[in-house]
Each structure stands twice: as structure tokens, then as C-alpha cells.
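I opened the notebook to look up a few things in one chain.

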Amino acid sequence: MQAFDEIDELAVNNLRVLSAEMIERAGSGHPGLPLGAAPMMWALWSRQLRVDPQQSQWANRDRFVLSAGHGSALLYSLLHVSGFNVTMGELQRFRQFGSHTPGHPELGIVDGVEATTGPLGQGLGMAVGMALALAERQLAAQFSESPQLVDHYTYALVGDGDLMEGVSHEAASFAGNQQLQKLIVLYDDNAVSLDGPTSRSFRTDVNQRFASYGWDTQTVGDGNDLTAINAAIERAKHSSRPSLIAVKTTIGFGAPQAGTNAVHGNPLGTAGLTSLRQQLGWQAAPFTVMPAVAKRAQQLILQRGQRAHRRWQSQREALPQAVQHRFEQQLSMRLPVDLATSLPIFDEGAQASRITSHTVIQKLAAQLPGLVGGAADLASSNKTTIEQDQLSTPVTPDQRNVAFGVREFGMGTILNGMTLHGGLRVFGGTFLVFSDYTRAAIRLAAMMKLPVTYVFTHDSIAVGEDGPTHQPIEQLMSLRLIPNLTVIRPADPNETVAAWWQAINATDHPTVLVLTRQNLAVLSGSKTKAMTGVARGGYVLSPQRGRQPMGILIASGSEVALALQAQAKLATLGEDVSVVSMPSMENFARQSANYQAQVLPPQIRRRVAVEMGATSGWERYVGLDGAVLGLDHFGASGAADQVLAANQFTVADLVRTYQQTHVDLGQQLRVI
């Protein structure tokens, strides 16, 4: 390995100045981390990180996650110098509208960025789930006869803020228990956060904390010592456990206010930038990459990565065709053409949708070796266990059941990382009411267009005796507010099968499956209508008897059965209504206006929606003349039947709500 020399020192200062210039031109940004952490990033990228900038999606590349995403200027500078498709023009447009250099790293926007980061702590969790953490280990185990196919490291850079966030505890504890030995985390230990010295709120001995989780820990006392940083990374690569390297740095190194929070999140200013250049002895024109630095980066990053890529490609091509085909199919996540035929169809009976979901998971797992999942210590309640497999552990990495522990947020970030790695279809479960703990990770999954599946059970006040702390009210509708997230609440076993089919076919969005603990009977008509109906989000499950309905009852989940009973009762009162099952508002919103009008004829203004959750949002479908039978208060502890009756979820209450809707029926009929 080439020793560090004056060109490497030049490269570090080049990255520092270039990053500061980007921030200064943008008029916003965070220069503190780039100025302090440039040496450790150059040591990692120039001597250790194995990537191919010209083919940035190479399957066996090392992964790097900038969990401290506010330091994005440094990452973009490195990507540019290394040969990724990040132009100097884009560096000059840092943080500008429409640029490919946004304020925080964004997957799919910046070539070479492995994950969307910014909310602190989540990058660490995603790194845990990514390459040569959990996801890589799973793939390596599945292709154990060809170990060269999947053999790489995952690196992350974290700051004090990342390690203050609670999710870092969840993810780090999980990683230590799983002994994820190819996970190496660099800690920018500068003792300063945005508001001031970290001692104001943070006196944790980070190394002891991580050691207690089962990590190897090291400290590099001088954040400018390239040789020491590189040696620490080299030692970490030979550890049998995940590694944390605390690198003591000076935030804003070289700037007038170095070592203080003043340099954390504000541009240096013209005078500050001039002072920085003088302090570093930098005389080149603005936005310059020195030729010697460009040549060194080409030799040590681009060419080394290309050689490794070509060597891996040759090894891959030497494998039996069957292995190559299986590997390609796994990475592409193509579904078997006959997968749908293996799914169950229900003619009659009743079972909780979590039980139906469990049945579907078994069918999918039998044909999808990349299906991996678990729960936040609730697998026995969520019914998320893959029965043909055992727990995935350091000694049984090929098994597909993941024990995430009581770590909902950590689970969410790890699921994101597993999906980002590629080759795996992942799911995770908890109670719907605890989805709040997972929400921040779900939001990033939706932003990154990751097809993660969330199995959220115990979906309503029908949980009963567990009381209001375990009875979701606002969770269902609040999840529907997240852009690019599909929420599906199936009404019976056939809709549950169809919901899973939607989730497993998703390619550019995550899916939430909202499932019951109580039994759901097979509904008349769902056998033939559910698969298409769930795909469309809403459909007429039980039409009116006449040409046009006098009114419409809309429901999701267990309340669809209630609507059907109310339909029958209203028929005896001379009211001819249709029942619309609305398992997914998001899918329904994607349908054509013509289809939506077929399901909810606009001239039929007498509408009632029923759902055991917050009512806000249903006005979109019931209109000003309609009504919503829902919950805008917390539940209560008691037997399910008593709690439901007390909150008016009975046939009589739904019929009365319908009857009390004030619509000029004569006007409605004239419109018809």
C-alpha cells in the first residue's frame, strides 16, 4: 500500500477548500465537518474504499454512508475528484434548485451516494443493514459456494449528533449482537455540536458504550494523521466484530473560528474563506482540483476500483451458468412467473388478517430465497416468522428470520439498508400503534423509493383489553399522509392475499399492510374481486340492486363487514345502497377519474365512511354532505365487544349515521 506523502496532504487541503468554496457560493451549508474530517475521508477513499466510479452500481463494491449528511459538500468533492458523475459545474451549484448536489445526500440524485441521509442517526442504521452488514451476509450465505461474488465492506462516517440520536443505540446494539464484522464506522469526534460544546448535553464515553454493545473500538488521537487513520481502518478490517474508530478532529480546521460551534452550520464568509486559504497555504484559483490530486485520485480510487471490478467480473464469468443466473435473478429481484398461482384463495371461513398474512409469507418464502424479515420482538404476535427457517445469527447467516429486538426505529433503518444493498425483499413487523417509532425511517424509505414491506398488526380498538396505549387512532390516517407510501388495510382473507401481492410486486415505493388480531370472515364477492380491487385501491364489493345506488357506504378493513350488514338492514328500510371496500386510498387515487366515478358516482352525495380511526381525510370521499363514523378520541380498556359498542361501531349506529345524513334526495334523484 502506497505510503502517504505531500500529494496526499495536498489532496486533503484541496478537499477542504473546495468544500468551503461550495458552501460559500451557496450561501448556506456546514463547513465544520468537511474541514475537520477531510483527512479521514481521504485516507478511507484513497487507500481502502473499493468502488468503480465509472460503474457506480457494481454489485460487489464497498459501500460508504455519510450518516452526518450535513457534511455533504465533502462527499460531493470526493465523488468529483474520484471520477463519479459529479461535475465541477454541479459543485458550483451546490444546494441550488434543480442541481445534482442537494443540501444533504440524496439517493438517485447524486451519482455515488448510497443512501439519503440528513436526519441524524439513520445513516448508521442503514449502514448496519447494508453491505457486509446484514444484507451482504445474507447474500454471501446464499452463495457460499462462490464466496467471491459477495465480499465487501460497509463504511459509515458519523458525528456526535448521530450518536446522540436514540436510533444509534438501537442500530449499534443490534449490530454488535449480530457480530457484523465488515461494518466499520468512523466517528468524527470533535466535541462540538450545532449549539455549542457537546458537554452541554453529551458526556458519554462513546468507545465504552460501543464496546458494551460488542464492537471493537479504537481511537486516533490526531485527526490529521493519515497514516494512523489508515492503520486503524486496516486493523478494523481484520476484526471479528463491527468496528468503531473515534478520530479526534477539530471542527472547522483552518478556519478563524475552528473548534467552535460558530463554524458548524454557517458559511465562513469572504474574510473567513480568505483566512482559511492563507492558513492552508492555498493559492489556486477558486474551484480548482490540483493536477497532482486528480492524478493521485485516478490512480488510487478510479483505477484500483476498475481493476477490482474487472477481476470480480472474470471470477463471476468463470462460475457455472446456473450460479450466475441465480445470482442475477436474485440481484434483479425478478419474481417467478408462476408465483401468483401459489397464493391461497379463500371460499369461506374466518381468520385474522395477520394469520392470513402468515400463510402468504410461507408461500412467498418457499419461492423467493431473498425474502427476509422479522419483527420488533413481536414475531409471535405479528405472525411474521418464516417457518422453514430459523433465526439469522452469526453462526446461521443463511437463515431468514431476523430478531430485531424491541427496536422499531432501528428496525426501520436496518430494513432500509438491507433494501439499499439490493437482492433482498425485506419486511418488518410491529403493532400499528408503534408505527410511530418507525415513522422517520418509513419517511426515508418513501423518499428513496425502497420497496420495504411493513406488517403492522393489532389495527384498531378491537385490541380491547390492552387499552388506549395499544389501540391505534391517528396512526392509520397519518401514515397515509406520507408521500410515495402505499397503505393497505384489507377487509378479509382474500384482500389480505391481494395486499401482499401488491407489496411483493412494488418496485418504487414502500408498502404498509395494516392487519387485524380479530377474525375476519371471507366476504361474498372477494374471491373474484379482491385481487383487482385491492390493486385499484377501492371497488364496489356489494353493488346496489337498482341502476343507481341511493347512497354509498365506504369502509376499510374489518369495518367492511359492518358496512355489508348495514347495507342489508338499510334494504329492509327501503334504502338501496352500495358498499365500497377502500383498502388503499393511495391506489385508488392513482386510478383514472372515470374509474373513480364508477365506484363513487359523483351524483350520489349521500355517503358514509366507516373506519376505526381518525376521521380527518375521509371527507375527500364523502364530501360535505356525507358523514364519517370514526374515532377522534382515544380508546379504552375493556372487552372488544364492549369497546366497539361504546364507540358506536355497530350495525345500528352505522344505519343511524346514514339516516342522519342531510341530503336533498329529490335533488339527488333529479341529477340521476
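**Terms first.** I call a residue buried under 20% relative accessible area, exposed over 50%, and partly exposed in between (1.4 Å probe, protein chains only). Helices (H or I, at least four residues) and strands (E, at least two) are DSSP runs, numbered from the N terminus.

**Ground rules.** I am reading a predicted model, where local features need pLDDT of at least 70, side-chain atom pairs count only at pLDDT 80 or more, and totals for chains, interfaces and linings use all residues. Residues are numbered from 1 along each chain as its sequence is written, and side-chain values use heavy atoms, with hydrogens and water left out.

**Entry 1: helix H5.** Which residues of H5 are buried? I found Gln-122, Gly-123, Leu-124, Gly-125, Met-126, Ala-127, Val-128 and Gly-129. That is 8 of the 8 residues of helix H5 (residues 122-129), so I noted the helix as mostly covered.

**Entry 2: the whole chain.** I counted 27 helices and 20 strands. Of the 672 residues, 60% are buried. The C-alpha atoms fill a box of roughly 90 × 60 × 45 Å along the principal axes. I then checked the radius of gyration, taken over C-alpha atoms; the globule rule is 2.2 Å times the number of residues to the power 0.38. A compact globule of 672 residues would come near 26 Å, and the chain has 28 Å, which agrees.

Next I looked up contacts, meaning heavy atoms within 4.5 Å. Among contacts between residues at least 6 apart in sequence, 78% join residues at least 24 apart. The accessible surface is about 24,900 Å², and 50% of it belongs to carbon and sulfur atoms. Such areas come from the Shrake-Rupley method with a 1.4 Å probe; for residues, only the protein chains shown count as cover.

Entry 3: Two strands pair if DSSP finds at least two bridges between them. I read the order of this open sheet as E1-E2-E3-E7-E6, with parallel pairing. Its edge strands are E1 (63-66) and E6 (216-220), and each pairs on one side only. Neighbouring strands are turned by 20 degrees against each other on average, direction ignored. Axes are lines fitted to C-alpha atoms, for helices over the stretch in contact, and angles run from 0 to 180 degrees between N-to-C directions. E6 and E7 pair in the parallel sense over 5 bridges. Gln-218 has its bridge partner in E7, and that partner is Ile-245.

**Entry 4: Thr-260.** I followed the chain past strand E7 (243-248). Thr-260 sits in the loop between E7 and helix H11 (269-280). Is Thr-260 buried or partly exposed? It counts as partly exposed because its relative accessibility is 31%. Beyond its neighbours within four places in sequence, Thr-260 contacts Val-192 and Ile-251. Pro-197 is 63 residues away in sequence, yet the C-alpha atoms of Thr-260 and Pro-197 are 7.4 Å apart. The side chain of Thr-260 reaches the backbone oxygen of Gln-257 at 2.8 Å.

**Entry 5: the sheet of 6 strands.** This open sheet has the order E10-E9-E11-E12-E14-E13, and the pairing is parallel. E10 (401-403) and E13 (486-488) are the edge strands, each pairing on one side only. The twist averages 20 degrees from one strand to the next. E9 (residues 371-375) runs parallel to E11, and 5 bridges join them. Gly-373 has Phe-427 as its bridge partner in E11. Helix H19 (residues 493-505) lies across E9, E11, E12, E13 and E14, at about 165 degrees to E14.

**Entry 6: Thr-430.** Thr-430 belongs to strand E11 (residues 425-431). Thr-430 is buried because its relative accessible area is 0%. Leaving aside neighbours within four places in sequence, its contacts include Ala-376, Leu-378, Asn-382 and Val-455. Glu-408 is one of the contacts too. The side chains of Thr-430 and Glu-408 make a polar contact at 3.4 Å. A polar contact is a pair of N or O atoms within 3.5 Å; within protein, one must be able to donate a hydrogen and the other to accept it, and residues adjacent in sequence count only if both atoms are side-chain atoms.
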